[in-house]
Amino acid sequence: MRKIIAAMDGLRPSLATREYSMDLAVKSKSLLVGVFLDDFDYNSYRVYDLLTENSGNITTAKSRLDKKDAKTRAAAVADFEKECKKKGIDYIIHRDRNVAIRELIRESIYADLLVIEKNETLTNHPEKSPTTFVRQLLSDVQCPVLIVPHHYHHFERLVLLYDGEPSSVFAIRMLDYTIPQLLGLRSQTVFVNPLKQKIRMPEDKLMKEFMDRHVPDTDYVVLQGEPESTILKRLKKEKATTLIVLGAYKRGKISRLIRPSLADTLLAKTNLPLFIAHNK
């Protein structure tokens, strides 16, 4: 049995995160931990709302709005518990009332997989994907992450991105470790050759020996061109039922500020679920 974290905003719980994490928990017979992120500095209201309250008393207004938020968070937890019981899932609830990103990274040390929606912000201000919260999470998370779109779609196919680097092999290994039930799906292993001359995949023999033990029926596809744009062009043809598997965020934080990772690009320009794992 594995341990899967469903990371959700207690005030705006993601239905997609819930559905993806519960589906995987059922398939893998895993423990599902609903981590409801109740950051002490985050509320549903703004300072402006306090100033415009009919009561005219900021303290009274804050108390009323805080109680409303508490009820919203409690309802989200109750709904999650109800669905887990309905589906027969072994579950635990964690309500982390602290700095959300710090608490979630701490939780990830003791988990096998973390599921989170791509648009999660833990603020009142919407952001384009990848959000600041998700980027920071990917930088420091201690387990593989499944980043999901806003709407749930069951998985029908895998695309495994291979670039010859250890992190891409590690991601495939971690997919096998965490949710091997998905490895029976139709799959392609994609490598992009940036050179003009035709070459096989890096470490072709070793890679295929490895894949024969993890994803034996995969189809190998070697493309030619600039890797990021070529991958993006190909993935834009994929349906929402395709799961993309990649290693990411190996470079340092300063380097990522200068040149975003492939994961950033896919989060910004596709709406596909991403399984991301990186060896430190």
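Colleague: Which residues does Leu223 touch, not counting those up to four places away in sequence?

Modeller: Leu223 touches Val190, Phe191, Val192, Asn193, Thr230 and Arg234, leaving out residues up to four places away in sequence. Contact means heavy atoms within 4.5 Å. Bear in mind that this is a predicted model: local features need pLDDT of at least 70, side-chain atom pairs count only at pLDDT 80 or more, and totals for chains, interfaces and linings use all residues. Residues are numbered from 1 along each chain as its sequence is written, and side-chain values use heavy atoms, with hydrogens and water left out.

Colleague: Where does Leu223 lie?

Modeller: In strand E8, residues 219–224. Helices (H or I, at least four residues) and strands (E, at least two) are DSSP runs, numbered from the N terminus.

Colleague: Is Leu223 buried or exposed?

Modeller: Leu223 counts as buried because its relative accessibility is 17%. Buried means under 20% relative accessible area, exposed means over 50%, and partly exposed is in between (1.4 Å probe, protein chains only).

Colleague: How far apart are the C-alpha atoms of Leu223 and Pro194?

Modeller: They are separated by 8.5 Å. Along the chain, the two residues are 29 apart.

Colleague: And Lys3? What does that one touch, with the neighbours up to four places away not counted?

Modeller: Lys3 lies in strand E1, residues 3–9. Its contacts are Leu31, Val33, Tyr110, Ala111, Asp112 and Leu113, again not counting residues up to four places away. Take Ala111: it is 108 residues from Lys3 along the chain, yet the C-alpha atoms are 5.3 Å apart.

Colleague: Zoom out. What share of contacts join residues at least 24 apart?

Modeller: 80%, among contacts in the chain between residues at least 6 apart in sequence. The chain has ten helices and ten strands. Of its 280 residues, 51% are buried.

Colleague: Let's switch to charges. How many salt bridges are there?

Modeller: The count comes to nine salt bridges. A salt bridge is a side-chain nitrogen of Lys or Arg within 4 Å of a carboxyl oxygen of Asp or Glu. Side chains of opposite charge can pair when their charged atoms come close.

Colleague: Which residue forms a salt bridge with Asp38?

Modeller: Arg73, with the closest N and O atoms 3.3 Å apart. This pair links distant parts of the chain, 35 residues apart. Asp38 sits in the loop between strand E2 (31–37) and helix H2 (47–51), while Arg73 is in helix H3 (residues 58–87).

Colleague: Are those two buried or exposed?

Modeller: Asp38 is buried, with a relative accessible area of 4%. Arg73 counts as buried too, at 10% relative accessibility.

Colleague: What about Arg106 and Glu103? How do their side chains meet?

Modeller: In a salt bridge, 2.6 Å from N to O. Both lie in helix H4 (residues 100–108), three residues apart, about one turn of the helix. Arg106 is partly exposed at 44% relative accessibility. Glu103 is buried at 10%.

Colleague: New topic: helix packing. At what angle do H6 and H7 cross?

Modeller: At roughly 15 degrees. The axes of helix H6 (residues 166–178) and helix H7 (residues 204–214) come within 11 Å. Axes are lines fitted to C-alpha atoms, for helices over the stretch in contact, and angles run from 0 to 180 degrees between N-to-C directions.

Colleague: Which residues meet there?

Modeller: Val169, Ile172, Arg173 and Asp176 in H6 meet Met207, Phe210, Met211, Arg213 and His214 in H7. By class, five are nonpolar, one is polar and three are charged. Ala, Val, Leu, Ile, Met, Phe, Trp, Tyr, Cys and Pro count as nonpolar, Asp, Glu, Lys and Arg as charged, and the others, Gly among them, as polar.

Colleague: And H8 with H10? What's the angle?

Modeller: About 35 degrees, with the axes 11 Å apart. Helix H8 covers residues 227–235 and helix H10 covers residues 262–269. Glu228, Ile231, Leu232 and Leu235 in H8 meet Leu262, Thr265, Leu266 and Lys269 in H10. That contact has five nonpolar, one polar and two charged residues.
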